[in-house]
Amino acid sequence: MRAITILEPGGPEVLTWSEVPDPEPGPGEVLVDVRATAVNRADLLQRQGHYPPPPGAPAYPGLECSGVVSATGADVAGWRVGDQVCALLAGGGYAERVAVPAGQLLPVPAGVELVDAAALPEVACTVWSNVVQVGRLAAGETLLVHGGGSGIGTFAIQLGKALGATVVATARAVKHDRLRELGADHLIDYQQQDFVEETRAVTDGRGADVVLDIMGASYLGRNVAALAPDGRLVVIGMQGGRKAELDLGALLAKRATVAATALRSRPLAQKAAIVQGVRDQIWPLIESARIHPVIDRRLPITDAPTAHHLAESNTQTGKILLTLP
């Protein structure tokens, strides 16, 4: 089969459509013929040599896909050849076929095209596990989403509204109209405005109950300042660096919590539990059209270098998909 391989760490030009060995489904695994995959920031980091795949995962990128089941390994129940599925992956989505633990498969939601379903597994699992499981967002609370125009951001805005929260999002001004359409109540231009002041202003000085953060170090102090009493800061990215000073006094005064999570490195059992939670709680919201995949564009997988250039420009809103014949 063929897959996008990384010749050496570097820019998008190191991505090459190459022949690789065919995967075989092991016990508890399902083989999926891939119809589409999505570009995630982890793919960019892996290409640059900063985020190697976990042990046992394919060497090529791709944290999610959609496709058709073509074979099942031993001890697999509930899935049959021909099923249309989407899947959460530890890697290997940029390929014609991928072997997936059965616990990480999801049916394609009713009303969603097979190709477009590739935009869902990673964002749905990431956002649900952090906003609901860790952040415990409740109706009537305020959710602050950083990077509102990203795949994670566009999904988090929709989920926050579906849960009955007030949603505040940071994004470039050019993306604000689209994010309002998705349900964002208040938009902050992070290039021109102070998100702490703006968040306080739209919450009568109280702050956000839950902050979903992709920046890490550069936003840490300001995120704590933006929290409401008993607020929860959930860090899922480090685009702004790894290390920062934390004012424990400010945290104690607010009785606030700081949590940091990663999805890719979790044990299989934890991933399967998250996938099941998403199937139970998120898929009905998608099938009732309260949440939908937000797709900026679809490109052939052979145009993966172009897709990575676009993703690094941060001009897209939602996901960039890579499609296969």
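# Report on a predicted protein chain

The chain exposes about 13,500 Å², and carbon and sulfur atoms supply 50% of this area. Accessible areas come from the Shrake-Rupley method with a 1.4 Å probe, and for residues only the protein chains shown count as cover. This is a predicted model, in which local features need pLDDT of at least 70 and side-chain atom pairs count only at pLDDT 80 or more, while totals for chains, interfaces and linings use all residues. Residues are numbered from 1 along each chain as its sequence is written, and side-chain values use heavy atoms, with hydrogens and water left out.

## The chain as a whole

The chain contains 10 helices and 15 strands. Helices (H or I, at least four residues) and strands (E, at least two) are DSSP runs, numbered from the N terminus. The radius of gyration is 19 Å, close to the 20 Å that the globule rule gives for 325 residues, so the chain is as compact as a globular protein of that length. Here the radius is taken over C-alpha atoms, and the globule rule is 2.2 Å times the number of residues to the power 0.38. Along the principal axes, the C-alpha atoms fill a box of roughly 55 × 40 × 35 Å.

Of the 325 residues, 55% count as buried. Buried means under 20% relative accessible area, exposed over 50%, and partly exposed in between (1.4 Å probe, protein chains only). Among contacts between residues at least 6 apart in sequence, 68% join residues at least 24 apart; a contact means heavy atoms within 4.5 Å.

Helix α5 spans residues 195-202, and Phe195, Val196 and Thr199 are buried in it. Seen down the axis of α5, the buried residues fall within an arc of 105°, so they line one face of the helix. This arc is that of the directions from the helix axis to the C-beta atoms. On the other side of α5, Glu197 and Ala201 are exposed. The cover over the buried residues of α5 includes the strands β8 (142-145), β9 (166-170), β10 (186-188) and β11 (208-213), together with helix α6 (220-226).

Both ends of α5 have a local feature. At the start of α5, a side-chain oxygen of Asp194 reaches to within 2.8 Å of the backbone nitrogen of Val196. Just after α5, Asp204 takes a positive phi of about 55°.

The structure holds 1 aromatic pair. Phe195 and Tyr219 form this pair, which is tilted, with 4.9 Å centre to centre and 40° between the planes. Rings of Phe, Tyr and Trp (its six-membered ring) pair if their centres lie within 6.5 Å; planes under 30 degrees apart count as stacked, over 60 as edge-to-face and the rest as tilted. The pair links distant parts of the chain, as Phe195 belongs to helix α5 and Tyr219 to the loop between β11 and α6, 24 residues apart. Phe195 is buried at 2% relative accessibility, and Tyr219 is buried with a relative accessible area of 10%.

## Helix α10

In helix α10 (residues 304-313), the buried residues are Ala304, Pro305, Ala307, His308, Leu310 and Ala311. They pack against β1 (2-6), β2 (15-19), α1 (41-47), β14 (295-300) and β15 (319-323). Asn314 follows α10 and has a positive phi, near 60°.

Asn130 lies in helix α2 (residues 121-134) and counts as buried at 3% relative accessibility. Neighbours within four places in sequence aside, Asn130 is in contact with Gly135, Leu212, Val234, Ile236 and Thr261.

Glu96 is placed in the loop between β5 (84-88) and β6 (97-101). Not counting residues up to four places away in sequence, Glu96 touches Met1, Arg2, Trp17, Val32, Asp33, Val34 and Leu324.

Val30 is found in strand β3 (residues 29-38) and is buried, with a relative accessible area of 0%. Apart from neighbours within four places in sequence, the contacts of Val30 include Pro25, Val69, Trp79, Val98 and Leu105.

The table lists distances for these residues. A polar contact is a pair of N or O atoms within 3.5 Å; within protein, one must be able to donate a hydrogen and the other to accept it, and residues adjacent in sequence count only if both atoms are side-chain atoms.

| Residues | Atoms | Distance |
|---|---|---|
| Asn130 and Thr261 | side chains, polar contact | 2.5 Å |
| Glu96 and Arg2 | polar side-chain atom of Glu96, backbone nitrogen of Arg2 | 2.8 Å |
| Glu96 and Asp22 | C-alpha to C-alpha | 9.1 Å |
| Val30 and Ser70 | C-alpha to C-alpha | 7.8 Å |
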